[in-house]
Amino acid sequence: MRDSRRARLILGVLLAAALVILTVDHRTGESSPLRPLRAAGAYLFGTAEQFGSGVVRPVGGFVHAILTAPAAKQRIQALKEENAELRAGLLAGKLDADRAKQLKQLLGLAGTGGYKVVTGNVIARRGQPGFEDAVQIDVGTNDGVRSEMTVLNGDGLVGRVLHASSRTSTVVLLSDPASAAGARLEGGKEIGVVHGVGEHGRLVQFRLLDSTASLSRGGRIVSFGSQHGRPYVPGVPIGVIERVESTPGELTRIAYARPYADLTALDAVGVVVEAPKRDPRDAVLPAKERAR
């Protein structure tokens, strides 16, 4: 009981002293004799506050990161999906633009040569018994396509239809070793036969039937045509001669030509369902500066 009274007495004295000190400090303002003590207190307590906030702030940030992590992960995933959609859209737009350009070029070639064509797209590369280089296209008998029809693209001769179903057809490429097409040199009547030699369609062989005829690098070849335009219509650009072989004593001359059509990267193609009324001769060949 006595200790309790003494404690209350001491507390009262301390409170009274504190009140007197605060009153004196407040009234004297900047000239207060307690100013150094006040500055020291502010320094000590300010340092403690900074230290405390420095400890608490990283902990608070860590806790905040944990709480917001699921939402951030969802946002990141959403951004990834959005970017993927944008990339797909850009790619689709580019593909559509490329296909439109190919179709325009194809229809231009067909119009110049007088070929009536059914356009389609290459949908698969497929082997056939007896053939190495063949592709499948997405047009068939329902579109008027029949076997032994000429297939071309906007650059030149691609091959011939091997067989057709209702909705698809198989095309043997000009590059196939078993393929053969009648051909003619530009500007003349010298004729020969083009054979595929494999090599991924990089070159085809041109065997000129007249061994005395002039044959040189840079010469251009077009299709000679078949009876009733099947399997090949006349005048379709085939390629440019790159190499001539020496064949002394033989009855034919041999050269190797680079096809106009890129037979390793086919997309839009046209099947000639009606041959031209007249042989277009060299009219379908590209301008000299475009020759490859």
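Why is strand β8 largely enclosed by the rest of the structure? In this predicted model, strand β8 covers residues 204-208. Of its 5 residues, 4 are buried, so the strand is largely enclosed by the rest of the structure. A residue counts as buried here when its relative accessible area is under 20%.

The next step is to look at the partners of this strand. Strands of a sheet pair through backbone hydrogen bonds, in either a parallel or an antiparallel sense. Strand β7, residues 191-196, pairs with β8 in the antiparallel sense, over 5 bridges. Strand β11, residues 253-259, also pairs with β8 in the antiparallel sense, again over 5 bridges.

Six strands form a closed barrel in the order β6-β7-β8-β11-β10-β9, with antiparallel pairing. Within this sheet, neighbouring strands are turned against each other by 40 degrees on average, direction ignored.

Now consider the chain as a whole. The chain contains 2 helices and 12 strands. Of the 292 residues in the chain, 34% count as buried. The chain exposes about 17,800 Å², and carbon and sulfur atoms supply 59% of this area. Among the contacts in the chain with a separation of 6 or more, 61% are between residues 24 or more positions apart.

Where pLDDT is low, the predicted coordinates should not be read in detail. The average pLDDT of the chain is 80, and 70% of the residues score at least 70. Which elements of the chain have the lowest and the highest mean pLDDT? Helix α1, residues 2-28, has the lowest, at 64, whereas strand β3, residues 150-152, has the highest, at 97.

Technical notes. Residues numbered from 1 in each chain as written. Predicted model: local features only at pLDDT ≥ 70, side-chain atom pairs only at ≥ 80, totals over all residues. Heavy atoms only, no water. Buried < 20%, exposed > 50% of the residue type's maximum accessible area, 1.4 Å probe, protein only. Pairing = 2+ DSSP bridges. Axes fitted to C-alpha atoms, helices over the stretch in contact; angles between N-to-C directions. Contact = heavy atoms within 4.5 Å. Areas by Shrake-Rupley, 256 points an atom, 1.4 Å probe, with all protein chains shown as cover. pLDDT = per-residue confidence, 0-100.
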